[in-house]
Amino acid sequence: MLDQGPAAPVPESKNAAAVDQEIPWCEKHHQIVRDEIAAINTRREPDRRIDTDRLESCQLLDVTGLALSGGGIRSSALCLGVLQALNHHNLIGRIDYLSTVSGGGYIGTSLSATMTAARRFVFGERPLGGTVTAAEISDTPSVGHLRNYSNYLIPAGVRDLLTGIAIVVRGLVANVGLTLPVLLLLAAVTVWSTPLRSCLTDANVFGVSLSDKKLCELHNFGSVDRYGFSTFGAAIALFMFVCSGLTYWVSRSVRGSGPSVVLAYIGGIALLVGVACDFARLLKVHHFALTLATAIIGAVLFFGWALKQSLASPGKRQEFRSHWPSVGATFLVLLAVIAFFEFQPFMLEQMFDVAESTAIGGPAAGVAIVWIKSLAAAAAPIGIFVTAFRQQFAELLKGNSASSQWGSLVLKIVAKIALWIAGLALPLIIWVAYLYLSYWGISNDLFEQCSEKLGQASQMECLTNARSNAPSGSLAGRIQFDAGKGTLSAEITPKAAPPAVGETRKLTPTGHTPEWLEFLAEKVGDAVRPRFPDLFRGDASELAYAYSLPKVIIYMVAGIVLFVISFCLTPNANSLHRLYRDRLSKAFLFDPTRSADGGVGRAEASLDQGRDFKALDRMKLTDLYAIPAEVARIPGLAAMPKLHAPYQLINTALNIQGSDFANRRGRNADFFLFSALNVGSEATGYAPTGLVQDDEQSLDLATAMAISGAAASSNMGSSSIKALTPTLALLNVRLGYWLKNPRYVDERVRPQRRSTPLYFWSEISGRLYENSDSVYLTDGGHIENLGVYELLRRRCKVIIAVDAEADAPMNFSSLMKLQRYARIDLGVRIDLPWTPIRDRTRAIMAENADRKSAQASSGAADEAPHVHVAIGSIDYGGDDKGYLVYIKSSLSRDENDYIRDYARRNDTFPHETTGDQFFSEEQFEVYRALGFHMTHGFLAGDHSVAVGPGTNPRMARFTEAGEKAVDEVRRAFGWPVVQRRALSSRWIEGREP
């Protein structure tokens, strides 16, 4: 490979994973390539077949690959036109590999399925007599089917819209069922710790008071008072340290890793919290006592760490991934958690104060009006807007949408602020829900001092006097200063607190609790108290046992029951994946030879013809390369599997945000593919497709196609928006798919991690790994949107790449990313003259956007060459050289009338947003026609093609001689190379002086 000399000996100290990474992909997985070439040979003529026995690893393959990029239904329509043009020129049979991503996968998978079923190309007929002079082709019934489903998400209009909304609501309810148990259990702990309003100012740890106030303890913790928190913390720590040592000894794990370290950390935390609790008792602080004590202890520990580091020898001052920095980081996280939990009683106390004030709107009117409600009110609409336009915001973050450097910087900052505000919206709402659950469970013991028999006005005045943080009334008067006498006099008179006007609610210890919850608490108390009388005896107030404890029981039981039930919710059952998959399958996977009732498909085209085709919804990936059914039925006949379409590579992204090793470059994803023979990635390893399908019953061709197009998800590989990850997961914006890890298809291999039971929390937190029992897959465009990377891995000689992504600025961002990945990962250099395509399309799109300046700038656009295609070189290293035929969604102003008319009315054409997946008939047709126009014009020689180095491009024609790149691509297509005309002697003599 390029820039690689003789292989250096591998040091013995390196681990197996690191050594494995140094072996080139094509060498490590040579058998995969051999099997794929054997499948491709079944579709080739005998004289064109590659001898797999002589095939060497990392050899340049004399094969042609076609890559169809992502871009939703826009890409699907444009790539359909490209495929029609290739078939028009009899080139489908010369395509060996078909690598697809997202929207390109819609039509690519449809091509594979229909060619396997019909044994021919069904989206267009080749011209009779071999002529290719026609500039367009007629529709077929199969194309009619695609047109009928161009609005594939809601093809039946309102009916599909309503059913889709119902499915979305079901998913949201399922997510609530996964989230609510956590809120209920946290609220139960909060009410148990502070059952009374007066307890909110009493520092405690899980119901154990840090003061001498026993009225707040629902259970007698006298042993803690006798021996102290430190003793219990030390006992727990000792037990954990023993378990850690036993675990280390049994597993023989490497020091510093494994469960033994986790147990040791838990022991250390227990000891630290015990000491901090005893120290907090000495501080006598109402709020944040434990936080203050922990912070003081932490300051001492960090100073001791600084001394230890100063006295250590230079060889023992390691900072990277060593124990001491990890311990310090764990302490900081623990301090933040303690501070957050001690903040909740402070908020709950404010809610009680506001509820008894004259503010309108109850508890939310005070706390929320001050700041929570303001933040939530501002964040909610921003969250909805940002979630809906997350792709556009992602572009703003990259700085691709502004013409100036300062404009780009401002837009980037604004987009970041909006993203973080949007990310706060749903967590704020969940936090408020937890506060209300806790608020309803705590009894207001101030009403014991102020009986309702006093009357409402007197009771409110009594409550005001009883609250330590509020004055009983106000002062009024005047201050006078006599400058002549030099005296200052003041007249001050007390003013009574205003009576509560219009207040009609019943002021009781549980008046703030909803009636339904109070009713349940009363029934639970009556049922539990006779059976467990000791549970309701202790030093706490009777009010806590009568009102608060039953609510603790309700919350705890409901939380545990919901938590157990939530384990029955499987990862893919309630996400949007199945809805997306079924709609795509209905639109793109069908048998063009059979009608829906099983009869022979009609040959005539009609408006509703496409709905009558038999669905191929259950077609397996292995069916693309299988023994033909008609041959398999013949007894005694030895049959081999046969490929009837290009060998398809369906590209997806493996999300590995939590992996330390596989994600060390920060891409958050790895290249994961589905094919007829293998499923997997470099990070997980590859497994035979048949075995994976046996384990994963729902895995089929439609599922793989939908995974490849799962653009909207909480985790999106290298396109992940961390601020929005929890919000997108909670809102069930989850088109991704949980697949059993190919590494563990063999049941004898045990997974290192278990993600499936807690899949939802793995998505929210981004703790996704390549070595867990199941892996999370999303859109292939979340790592590489052109689909070319896998073809480069296989070292294809000629690659045709169709770039139909939304690239209104014409920055060619996917091409830039591909070049970077190819250079870093594969040692492959790509040199492509793409600037002529950019210049002309930019000029035309600018004219369409600004009609007033169109006449002034039209000359510049007309002078630029009519070019949609560029041919570049692929330097695989050594003498291995390939060629990249790059077809970019672009304009040249020689398109047909309705394409140019649509472009005039829609200035972002042909780069309209991928968020628009509801194409009209006109949209679908203009993109299809543009794809055919670009490809046919290139192949027929009607348009120029950019060739040469990227720094100095030049124009050529595919039908003319003189360019080596053109000649090599024509040979790969099976076309004769155009020869230069011999120069006549007369012309030569005329040229001589």
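Helices (H or I, at least four residues) and strands (E, at least two) are DSSP runs, numbered from the N terminus. I kept that beside me while I looked things up.

**Before starting**

I am working on a predicted model, where local features need pLDDT of at least 70 and side-chain atom pairs count only at pLDDT 80 or more, while totals for chains, interfaces and linings use all residues. Residues are numbered from 1 along each chain as its sequence is written, and side-chain values use heavy atoms, with hydrogens and water left out.

**Entry 1: the loop between strand 11 and strand 12**

I began with Q657, which I found in the loop between strand 11 (647–655) and strand 12 (669–674). Is Q657 buried or exposed? Its relative accessibility is 17%, so I noted Q657 as buried; the word means under 20% relative accessible area, with exposed over 50% and partly exposed in between (1.4 Å probe, protein chains only). The side chain of Q657 has a polar contact of 3.0 Å with the side chain of N655. By polar contact I mean a pair of N or O atoms within 3.5 Å; within protein, one must be able to donate a hydrogen and the other to accept it, and residues adjacent in sequence count only if both atoms are side-chain atoms.

S659 sits in the loop between strand 11 and strand 12 too. S659 has a relative accessible area of 7% and is therefore buried. Which side chain does the side chain of S659 make a polar contact with? I found E770, at 2.7 Å.

**Entry 2: R119**

Next I turned to R119, in the loop between helix 5 (102–118) and helix 6 (141–148). Its relative accessibility is 37%, so R119 goes down as partly exposed. A polar atom of the R119 side chain lies 2.2 Å from the backbone oxygen of T116.

**Entry 3: F812 and its ring**

I looked up F812 in the loop between strand 17 (796–803) and helix 27 (813–826). With a relative accessible area of 0%, F812 is buried. Phi of F812 is near 55 degrees, a positive value in a residue other than glycine. I flagged this because most residues other than glycine have a negative phi, and most peptide bonds are trans.

What sits over the ring of F812? I found the charged end of K888 there, 4.5 Å from the ring centre. A charge sits over a ring if NZ of Lys or CZ of Arg is within 6 Å of the ring centre and within 35 degrees of the ring normal. The charged end of R970 sits over the ring of F958, 5.5 Å from its centre.

C58 is not a glycine, and its phi is positive, about 60 degrees. I placed C58 in the loop between helix 3 (30–41) and strand 1 (61–68). C58 counts as buried because its relative accessible area is 19%.

Where is a cis peptide bond? One joins F909 and P910, with omega about 10 degrees. P910 belongs to the loop between helix 30 (897–905) and helix 31 (921–940).

**Entry 4: helix pairs**

Helix 4 (residues 72–88) packs with helix 5 at an angle of about 45 degrees, their axes 6 Å apart. That makes helix 4 oblique to helix 5. Axes are lines fitted to C-alpha atoms, for helices over the stretch in contact, and angles run from 0 to 180 degrees between N-to-C directions. Angles under 35 degrees count as roughly parallel, over 145 as roughly antiparallel, 65 to 115 as roughly perpendicular and the rest as oblique.

I then took helix 20 (residues 577–588) and helix 23 (residues 701–708), which pack at about 115 degrees with axes 9 Å apart. Helix 20 is therefore roughly perpendicular to helix 23.

V947 is in strand 21 (residues 944–947). Its relative accessible area is 0%, so V947 is buried.

F352 is in helix 12 (residues 323–355). At 1% relative accessibility, I put F352 down as buried. F352 and R197 are 155 residues apart along the chain, and their C-alpha atoms are separated by 7.8 Å.
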